[in-house]
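These are my notebook entries on one chain fold, set down in the order in which I looked things up. The model comes first, and my notes follow.

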Amino acid sequence: VNPRMVIPNAVAFSRGKVSIVALTIVILSLFNLAWNHVVNPDPPQPLSSWESLLYSRQLSKTKKYKNYDPEARYTYFHDLENYYIHIPKTAGYYVFGKIEEMVASTFEHNRPHVCNIKMRPLYTLDSKKCQFCFTEQTYSHYPKRTYTMIRNPRDHVISQYFHCAESKEHYYTAKFMPSLDEWLEAWVLALDNETKAEENEKFKCYDPRNKQTSFVYRHLANDEKKDLETLDKRFEVIAPFERMDTSICVIFIQFSGRVPDECVCASEREKNRNRNSELVDHGVKHHGSSFVTTAEQDGMIAKITTEDVMLHKYTNQLFEKKLKETEEVYGITVC
């Protein structure tokens, strides 16, 4: 055998294999994009590069599954019964803990499993082992019942700022945060200016522009009747943060079909309930609900949360309707 012929032939063969593999990857990627457009015509708002980094870091901490089903990312949603959208800075960890407690207190056997996957992709889960899924991902058409909680936009924006400036999770990025006025002004300037928005990623913090709307609706239709109909269709319960314990009770009752004692007014357990005692503060000193803002700061917040303000208004309207329905069906007064 002539070695001068063998080596070139081997190199040519290997290059041919690489080319076929590369072509296959390109074709599969294009198919994936086309399929995503078909199954999810209302895609979520793209993450900023900083939020993408947080997502990547979260994934790096999760268990590496060896037997991924390539189709699972599309079929999992069809089997998912209950899907809770945890919008950042809306007490998602507290809600998760309370739902777990209520499951433990109301189910003796065959307890539904409540799981918090945070930013993990849903296809890493077995839907049969997760009957109530908490996630920091955006709205999807697939889950049978979807829940979320909406916070007063002013408080929500302030909470985002101080989480980045003071929390333990962001201790390594606090140095990038400017004053509250500078931060708000920078995002006002980023309205309809994506170049400025990309520049604001230097803060390594949230993008507060209508943050809550981007998770549940993408963009409002600016038509109250249509927006209410769409939200009512999308959510089993969309609840106000400001009525935390009542909101959690309605969510749990709708999810489980059971009524915890602590959710019934005048019950002994309800009287002894220490409301909001376990809200996670993440080591933050200043909080959205108690921090006193100036008129100028309120004005800037209003400019970057016009859709969130409407969403919060719609949430209160829809929740009142759901609360009355729940009380009528179960013959109780929810606290």
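I began at a strand pairing, where Tyr83 stands opposite Cys133 in β3. I kept in mind that this is a predicted model, in which local features need pLDDT of at least 70, side-chain atom pairs count only at pLDDT 80 or more, and totals for chains, interfaces and linings use all residues. Residues are numbered from 1 along each chain as its sequence is written, and side-chain values use heavy atoms, with hydrogens and water left out.

Entry on strand β1. Strands pair if DSSP finds at least two bridges between them; β1 and β3 (residues 132–135) pair in the parallel sense over 3 bridges, and β1 and β4 (residues 145–150) do so in the parallel sense over 4 bridges. In β4, Arg145 is the bridge partner of Asn82.

Entry on aromatic rings. I counted Phe, Tyr and Trp rings (the six-membered ring for Trp) as paired if their centres lie within 6.5 Å, with planes under 30 degrees apart as stacked, over 60 as edge-to-face and the rest as tilted; the structure holds 10 aromatic pairs. Phe96 and Phe134 form an edge-to-face pair, 5.2 Å centre to centre with 80° between the planes. Phe96 lies in helix α4 (residues 92–106) and Phe134 in strand β3, so this pair ties together parts that are 38 residues apart in sequence. Phe96 counts as buried at 15% relative accessibility, and Phe134 counts as buried at 1%. Phe132 and Phe134 form a tilted pair, 5.2 Å centre to centre with 35° between the planes. I then noted one aromatic cluster, formed by Tyr84, Phe96, Phe132, Phe134, Tyr147, Phe252 and Phe255.

Entry on a helix contact. At what angle do α5 and α12 pack? Helix α5 (residues 153–166) and helix α12 (residues 295–304) pack at about 100°, with their axes 10 Å apart, the axes being lines fitted to C-alpha atoms over the stretch in contact and angles running from 0 to 180 degrees between N-to-C directions. That makes α5 roughly perpendicular to α12 (65 to 115 degrees; under 35 is roughly parallel, over 145 roughly antiparallel and the rest oblique).

Technical notes
Helix = DSSP H or I, 4+ residues; strand = E, 2+ residues; numbered from the N terminus. Buried < 20%, exposed > 50% of the residue type's maximum accessible area, 1.4 Å probe, protein only.
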